[in-house]
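I opened this entry to look at packing.

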Amino acid sequence: MSLLDRYHLLVHDVAAAFGYDYNDATPDWVHPFIHLILVLAPALLITVGSYLAIRGILKLWKYRSTPALHTEPIRGLEKSLFKTVLRYSRSQQALMILVSLIAMPILYLTLELPKQIVNNALDSGRFPIAILGQDLDQVVFLMLLCGLYLLAIILNGLNKYGLNVFKGYVAERFLRRFRLLVYRHWRSDPDARNQSEIIPILAQEVEPIGGFAADVLALPILQGGTLLTILSFMFVQDPVLGAAALTVLPIQLVLLPKLQRRVNALSRTRIREVRQLGRQLSDQLRERQVNPAGLLPVSTSFRELERVRRKIFRLKFFIKALNNFLTALTPFLFYSLGGYFVIEGRITLGALVAVLAAHKEFSAPLKELFNYYQTLEDTRIRYQEIMAFLSKSIQPLGHAQPDNTVPQEAGQFERSKQRYPALSLVGQGAIATS
């Protein structure tokens with residue numbers, strides 16, 4: 001038996017395991033769909049998943065085997081963003097996880113009830129029907145199912161609303177604490193040369209970190225659970241159509257992370273350029289007279305920021321367009337192969353309609369998970385940059401500036417208050433945030 005014959009025999013065995021009678025009487029155009037959905041795409045998915053798992057294990061082993069750098073400890077902040085978030089919001093994270101898990105059975109009901117309405121309530125040949133000892137006619141049974149569907153939608157909406165409101169509370173609470181920790185640590189710096197960089201850090205760079213604190217566990221559990229719930233519903237309707245929903249997933253797992261790493265590098269460059277601009281503006285603020293020559297470096301920074309942000313926009317929108325295109329390929333398989341299954345009587349029309357509606361919901365959590373990965377990488381970079389800034393700004397006590405520099409700096413500060421009265425608020429510990 002040749003290798004090609006063995007491969008075809010394997011495809012027949014896999015199709016039989018999925019409950020599909022795949023034989024020579026099947027139309028020729030169905031054959032490549034079956035090969036792609038049941039053999040090629042799963043094999044590629046297993047390969048990509050194994051590669052990502054092995055790479056993750058190797059990175060974790062390399063991280064643990066690398067000797068840690070003895071940096072100056074930062075009070076109240078951990079080296080890992082996850083540890084810092086869990087340190088200050090452990091109980092809130094547990095509550096958000098519980099609310100996220102409650103949403104899964106409600107979601108399944110919103111997918112199952114439309115199928116029951118199409119297949120059972122609209123079939124006039126089986127009425128009256130007995131429900132809990134009561135005989136119901138077709139219209140009453142239809143209204144009953146529609147009422148249950150409306151109730152499931154309301155419960156699903158209330159669950160999401162409550163979760164989002166609570167996530168906002170957790171994000172703002174963590175953001176306030178994180179800002180305070182960074183500000184206190186910066187205040188203990190005996191070297192004032194980096195004082196201008198704290199403004200963009202406290203006003204802008206910490207904002208995404210605060211928002212991510214509410215999503216660090218709740219979002220992957222909610223969206224991942226939503227993804228698994230929808231996928232389980234598809235497999236219950238028809239295993240072949242359920243496998244078809246995963247056809248383009250390996251391509252997304254390969255291409256999107258590579259493009260995201262380029263976005264991360266540009267984000268790091270943008271953060272450093274903003275800090276450089278802050279230093280330049282602070283130096284000009286401390287000058288007694290405006291120096292026309294200072295326009296050139298500031299204008300150069302503006303152009304560099306524009307160039308970097310344009311690159312980020314191009315890559316982000318390309319990632320979004322590619323993801324949308326790959327996601328739109330799956331309904332093509334549903335309409336063609338699923339329509340053939342309806343004609344052959346393998347599945348009902350209500351099941352196909354339910355699968356199509358479920359896939360519409362299937363793409364949303366998948367996009368949210370990819371956005372979560374992008375946000376995770378961006379937030380991790382921001383957190384590392386802030387930790388690096390604090391580690392560099394805090395110098396050992398033996399390297400502090402001599403005491404004779406304090407009167408001179410105090411005199412400069414008093415003169416600055418006379419020129420800029422708003423600066424007098426700094427002496428009272430106030431700070432402006434956006």
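I looked up the largest nonpolar core, which holds 50 residues; Tyr20, Ile34, Ile37, Leu38, Met234, Phe341 and Phe362 touch the most other members. The model is predicted. I then listed the elements that give two or more residues to this core: α1 (3-17), α2, α3 (81-121), α7 (218-237), α8 (239-244), α9, α10 and α11 (349-393). The most comes from α10, with 11 residues.

I took Ile37 next. Leaving aside neighbours within four places in sequence, I found Ile37 in contact with Pro42, Val240, Ala243, Ala244, Thr247, Leu333 and Leu337. Another core lies apart from the largest one. I noted 27 residues in that other core, among them Tyr88, Phe174, Leu181 and Leu376.

How do α9 and α10 cross? I read residues 249-285 for α9 and 295-344 for α10; their axes come within 9 Å and cross at roughly 160°. Angles over 145 degrees count as roughly antiparallel, and α9 and α10 are therefore roughly antiparallel to each other. The crossing of α9 past α10 is left-handed. By class, I counted 21 nonpolar, 9 polar and 7 charged residues in the contact of α9 with α10.

Last, I checked Val39, in helix α2 (residues 30-65). Is Val39 buried or exposed? Its relative accessible area is 13%. Buried means under 20%, so Val39 is buried. Leaving aside neighbours within four places in sequence, Val39 is in contact with Tyr7, Val11 and Ile34. I also looked up Ala15: it is 24 residues from Val39 in sequence and 9.2 Å away in space, C-alpha to C-alpha.

How values were computed
Residues are numbered from 1 along each chain as its sequence is written. This is a predicted model: local features need pLDDT of at least 70, side-chain atom pairs count only at pLDDT 80 or more; totals for chains, interfaces and linings use all residues. Side-chain values use heavy atoms; hydrogens and water are left out. Axes are lines fitted to C-alpha atoms, for helices over the stretch in contact, and angles run from 0 to 180 degrees between N-to-C directions. Helices (H or I, at least four residues) and strands (E, at least two) are DSSP runs, numbered from the N terminus. Angles under 35 degrees count as roughly parallel, over 145 as roughly antiparallel, 65 to 115 as roughly perpendicular and the rest as oblique. A crossing is left-handed if the near helix is turned anticlockwise from the far one by less than a right angle, and right-handed if clockwise. Ala, Val, Leu, Ile, Met, Phe, Trp, Tyr, Cys and Pro count as nonpolar, Asp, Glu, Lys and Arg as charged, and the others, Gly among them, as polar. Buried means under 20% relative accessible area, exposed over 50%, partly exposed in between (1.4 Å probe, protein chains only). Contact means heavy atoms within 4.5 Å. A nonpolar core is a set of buried Ala, Val, Leu, Ile, Met, Phe, Trp, Tyr and Cys residues joined through side-chain atoms within 4.5 Å.
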